Amino acid sequence: MKKTLKITAVIILFLIAVIILIPIIFKGKIIEMAKEEANNNLNAKLEFADLKLSLIKNFPDISAEFKDLSIVGIDTFKFDTLVNIKKFKATLDLMSVISGDEIKVKKISLESPSFFVKILQNGTANYDIAKEDTTTDEQTNQTAGDESAFKLYIKKFDIKNGHIIYDDKESDVFAEFENLNFILSGDMTEDITNLKINLTSDSMTVSSEGIKYLNKVKTKFDSELNADLEHSKYSFKENSLALNDIYLTFNGFVEMPDDDITMDLTFKSENATFKNALSLVPLIYKSDFEGIKTDGEFKFDGYAKGVLNDSLMPAYAINLMVKNAFFKYPDLPKSVNNINIDLKLDAKAGSGDDMTINIKKAALTIAENPITMHAFISMSAADIGMKGNITGKIDLNSVKDVIPQENTQLSGFVTTNLDFNGNLSDIENENYEKFDAHGTITISNLNIKTTDMPQVDVFVADFDFSPQFVDVKQLSTKVGKSDFRLNGKINNIFSYVFKDELLSGNFELNSNYITVDELMNIGSTEGDEQNAENEKDNTQNNSESEVIEIPGNLDFVLNSNIQKVTYDKLTVSDVKGIITIKDSKLDMRQLKMSMLGGEMFLSGSYDSKNKAKPLADFTMAISDFSIADVAGAFLSVKQLVPIIENAAGSFSADISLNSVLDQKMMPVIETLISSGNINSNSISIKNNRLFESVSAKTKQDKFKTPNLNNIDLSYIIDKGKLTVKPTIFKIAGSEVNFGGTQSLDKGLDFNLGFSLPKQIAGNLISKFPIGNTNDNVGVTAKIGGTATDPKIVGFSSELTDVLKDEITDKVDEVKEKIKEKTNKILDEARQKADLIVKEAENQASKIKSEADIQGKRLISEAQNQGNKLVNEAKNPIAKKVAEAARDKLVKEARDKAAGINRAADNQTKNIINSANLKAEKLISDAEKKAGN
């Protein structure tokens, strides 16, 4: 008996030891395999703080718990955290861990995860982190089934307290889920199984193109699916989707065995009332919703049937009906009555262009102010037909009598009476007599006050509609401190609304005052704010973007007269000239303005097509700018030329500038290319260590706080390197010569030439023939160090005409030989300089020609490929799809061609600027050599 007890005790102790030791033994293996998997398969950085293993929680399986697991992008997304999970728990098959060939994962649980999905305007996505499979077919066959050391045999997957952000700049879609809880359960090791899904979210926000379709909506989804995992087909059984108080059910299936998604779905609201529908209106839902008195019928249903892929859309329909509805808050005197909506949307399967929108009726009365609308719109790839009317008058002063105004105050009047009837093609073909469009929209004394944006006042806005244009008779408004007065014509309004085509217009713009800082903060949605906050959390050194984005589908010409503009520390007044907005680009033509104590004529452009790297390209004619004002307004100038902080006076200049701008709208020094000529009658410099050092070493007080006179300076900045062409000016009536370079790292290599008495020069320069004369001789101070810490690193002298009284009778002969030598050196240098510039111009011409040929070839190939697709189409639907594909190919080719030409222009500009710089340096070096 004792022996049996001993054996039992030993076995128990052994099992306890195994339970304790196995997690310790295999911890290193799992960590190694996890990180190896990440490195082998991800273009991203996977990190986690710790890994805990246990056999007790899910015996006999092993439990793994990763703490603070994160996946951070690289390159473009190196500051973005795609995934951040407080605790990542997984249940692993113990025997698979022991064997080591592969690890089977049975259960996954995520606690407090954050997912930030980001897609840029060019389609680049931060979740696209899987490395490309570079194996050959033969290698793939040999290693089939061996791709990963981890295999999923999941029966349960859950998320607790998740936060998900989806920010798609390419499609202009934003979605956010807060406090998301999700459970997926079922035997996913079987080919056919039942899956159960339970999802809740305290707040779901969905917006597109600036419109919030759902705003902080409570969401709950319960569903049971019949899943054919082998063929990726999922059929709805029991399900319910709750959006606040609206409940929807689904029937049908979704199948996605490959890139095509095939579906046959129907959906409808269940036992819904009009009050349930009101729960989706944020302003109403958050204000004493339970106490609202309401009545009326509500129905919502639809279907989606067909194939969804990159070129095809399924057929779908949406039906919305509200009948004889009203609502009234118990504590408010007035109500919203006669709410009637009858809307049907039908879209045929195919390219997505073929649909009808029938708004038989849309009407309501707000505090006895009636608004009615009806419209029928028929859309196809060939044309868009439309017919409708909008009539109404709203006294915004009475809105507060209908809906509680917690953070918003409204007042003013809006009146509209608009009729339209015809085909969009008639407007596009300028057959205006065939399209009937007439009516007005009038706004008067509109005032909007909210807590999260500046006050908006529209004193008067008067719009007249016609087929050709919208006549903006007058628009007088004030946004915060900025005021605008506008009149002109807007063209192509119907094509802009229905086809998202270019909206063009010509306007007279007048303003007394515009503050750019205040306007730049307008328009950020809650989603944008959350996105900015998320990016702030994920970026240690990345400050919030202040880039001004110019819409791409606008073509506006503004004849502007603006009295005053402020931006950051800069104040500009009397702005007059032509401003053009087109293709995400702001162009200015001979824009005259007063600023920084002087005047400027500005021409050039600001291009925001690439929001990450906006581009500035300007030429400026400057007159009498205050140096002190420039130093105070522009940080980048102080960074490049720190001496400006200790300088006073005014200057005039002709300057060209091309640079990528950072997210604070300041030039990126590494990309800056600039050249120009700066002149001034007088500039004084005080408290400058360089000139104080020159004064001390030369014993010349005029250098301590110098006044610089008759300055005429030429410079070039190429990718951050500043080159100053040797120039002569005066200090205290004495001529000095200055020139040299400042490198990107602010290292200095300048020469400051001046005259000194021979005896003083002899103390500065070794082996200097002092003699017994006090005649002045030319001395050059070599300036090194950095822009923030300049130093004199040496002195030199050319010693020509040093001892005039001791020159022999051969002086004329020596002078002639020196002249001949000088001319020869300079002639050779000029020839080489001309050759450098000519070769650069030839190279630039060749690059432009090749870019033009390459662009035309791209467009031609796209047209041929597109025409081939159209010719091969077998039926009208396929033909429409092919035509759309062809147009897309040609557009993409044109965009690429334009990009190639822009790149070629920038490259040629850099080549020619660099050649001019080399040529000038060659001549400068020759002049120095000729003087020796």
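I started with Lys791, which is partly exposed at a relative accessible area of 44%. The model is predicted, so I take this as a computed value. What does Lys791 meet? Its side chain and that of Asp789 come together in a salt bridge, at 3.9 Å from N to O. I then checked Asp789: its relative accessibility is 29%, and it counts as partly exposed.

Next I looked up Asp222. It pairs with Lys220 in a salt bridge. The closest N and O atoms of Asp222 and Lys220 are 4.0 Å apart. Asp222 is partly exposed, with 26% relative accessible area. Lys220 has 43% relative accessibility and counts as partly exposed.

Then I turned to Lys169. Which residue does Lys169 bridge to? I found a salt bridge between Lys169 and Asp167, with 3.6 Å between the closest N and O atoms. Is Asp167 buried or exposed? Asp167 counts as buried, because its relative accessibility is 4% and the cut-off for buried is under 20%. For Lys169 I noted 36% relative accessibility, which counts as partly exposed.

I also searched for linked bridges.

Last, I looked up the total. How many salt bridges are there by this rule? The count comes to twelve salt bridges. Among them I have noted Lys169 with Asp167, Asp222 with Lys220, and Asp789 with Lys791.

Definitions and conventions
Residues are numbered from 1 along each chain as its sequence is written. This is a predicted model: local features need pLDDT of at least 70, side-chain atom pairs count only at pLDDT 80 or more; totals for chains, interfaces and linings use all residues. Side-chain values use heavy atoms; hydrogens and water are left out. Buried means under 20% relative accessible area, exposed over 50%, partly exposed in between (1.4 Å probe, protein chains only).
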